[in-house]
Amino acid sequence: MLVTVPIAPAAAVAEPTSPTVTWSVQPADQKGPDGRRWIEATLDPGQVITEHVAVRNFSDSPVVFALKAADGYLTDKGRFNMLPSNEKSVDGGTWIDVQAKVTVGAKQTKVVPFTITAPDDATPGDHPAGIAATVTSTGGTVAVESRVGFRVMLRASGTVTAAVAISDLTANYHPSWNPFSAGRITLSYTATNDGNVAVTGTGHTTVTELFGLLERNTPAEVEELLPGGSRNVDARVTGIWGLGPLRTTIDVTPAIVSGNPTDADIRQTTTTVTVWTFPWSQLALAVILVALVLTVRFITRRRR
């Protein structure tokens, strides 16, 4: 409000607001929405298939929607999105050919076919994209594009490789100043999809201390990653006493998000970092106890 109110013309406040446009977009067949959340398709290089998108207008008047396809990606919060209109697609978004506009009557649904064409030189693996119906509203000198769509997960046939690389692993030990309570170790690392398909990662984090005599385990999970995508991961392991070197190992096994190719190359990842610690609170307690014992012995001898 602090930014837009001074810029907006004073007359805009008195003008009636435009009717609200509400719509939905779903995968469909020729008859209408078919219950799918998104579209998944595996194509050979050069193959062409036809899919359908259903655009439903909940508004009280007809609306002209622009239909657009673009490369897909995951946001920092792990939500799927597609490139904005001012950015050029170079991957899966270029495989989709759909008509530019569609007019949908009030309270009606219209099904629009579109084609997906895999390039002759398509590399094996996933090529995420999205398709959406958009409405552009203009207020003064500002144009706002609102869009609703879904993901189109395209996969080119060939060898499927699932791999998650762990890099920049750091570990920090946080001792408890209560000598009878263990501390914790916090971890930070970057998980990167080094394969060619969308994956998640599951595994465990192991912390050993006292030269391997003590061991603590906790689950390690990596949320969905698209090919080439990365995500910063923070984790912690409790119950650590900090007795000498802390050897922290992260083991992650990737799992393919969609499909279950039997010949997939699943690559497990193991990364280790060592942190040297010292049990200061327990040492302080030991010093206090020794001091008390020596004091009692000294007083006893003096009395004798």
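Author: Welcome! Let's start with a definition: a residue is called buried under 20% relative accessible area, exposed over 50%, and partly exposed in between. Keep in mind that this is a predicted model.

Reader: Which partner does Asp 60 have in a salt bridge?

Author: The general idea first: side chains of opposite charge can pair when their charged atoms come close. Here, Asp 60 forms a salt bridge with Lys 107, and the closest N and O atoms are 3.3 Å apart. Asp 60 sits in the loop between strand S3 (48-57) and strand S4 (63-74), while Lys 107 sits in the loop between strand S7 (101-104) and strand S8 (109-117), so the pair ties together parts 47 residues apart in sequence.

Reader: And where do Asp 126 and Arg 155 lie in the chain?

Author: Asp 126 and Arg 155 join their side chains in a salt bridge, with 2.6 Å from N to O. Asp 126 belongs to strand S9 (residues 125-139) and Arg 155 to strand S10 (residues 142-156), so that distant parts of the chain, 29 residues apart, are linked. Asp 126 is buried, at a relative accessible area of 7%, and Arg 155 counts as buried too, at 9%.

Reader: What about the pair of Arg 267 and Asp 265: how far is N from O?

Author: Their side chains meet in a salt bridge at 2.9 Å, N to O. Both fall in the middle class: Arg 267 counts as partly exposed at 44%, and Asp 265 counts as partly exposed at 29%. Elsewhere, salt bridges with shared partners join Asp 34, Arg 36 and Glu 51 into one network. The count of salt bridges comes to 8.

Reader: How do the strands around Glu 209 pair?

Author: Glu 209 lies in strand S13. Strand S13 (residues 199-209) pairs with strand S14 (residues 214-225) in the antiparallel sense, over 10 bridges.

Reader: How many residues are in the largest nonpolar core?

Author: It has 28 residues, and Phe 65 is one of those with the most contacts inside it, as are Val 53 and Ile 131. Among the residues that Phe 65 touches beyond four places in sequence are Val 21, Trp 23, Ala 100 and Val 135. Another core, of 26 residues, lies apart from it and includes Ile 166, Tyr 173, Ala 220 and Val 275.

Reader: Last one: which domains is the protein divided into?

Author: Domain 1 spans 23-156 and domain 2 spans 161-284. Their C-alpha centres lie 37 Å apart, and 16 residues of domain 1 are in contact with 12 residues of domain 2.

Definitions and conventions. Residues numbered from 1 in each chain as written. Predicted model: local features only at pLDDT ≥ 70, side-chain atom pairs only at ≥ 80, totals over all residues. Heavy atoms only, no water. Pairing = 2+ DSSP bridges. Helix = DSSP H or I, 4+ residues; strand = E, 2+ residues; numbered from the N terminus. Core = buried A, V, L, I, M, F, W, Y, C linked by side-chain atoms within 4.5 Å. Buried < 20%, exposed > 50% of the residue type's maximum accessible area, 1.4 Å probe, protein only. Contact = heavy atoms within 4.5 Å. Salt bridge = Lys/Arg side-chain N within 4 Å of Asp/Glu carboxyl O. Domains from an automatic or database assignment.
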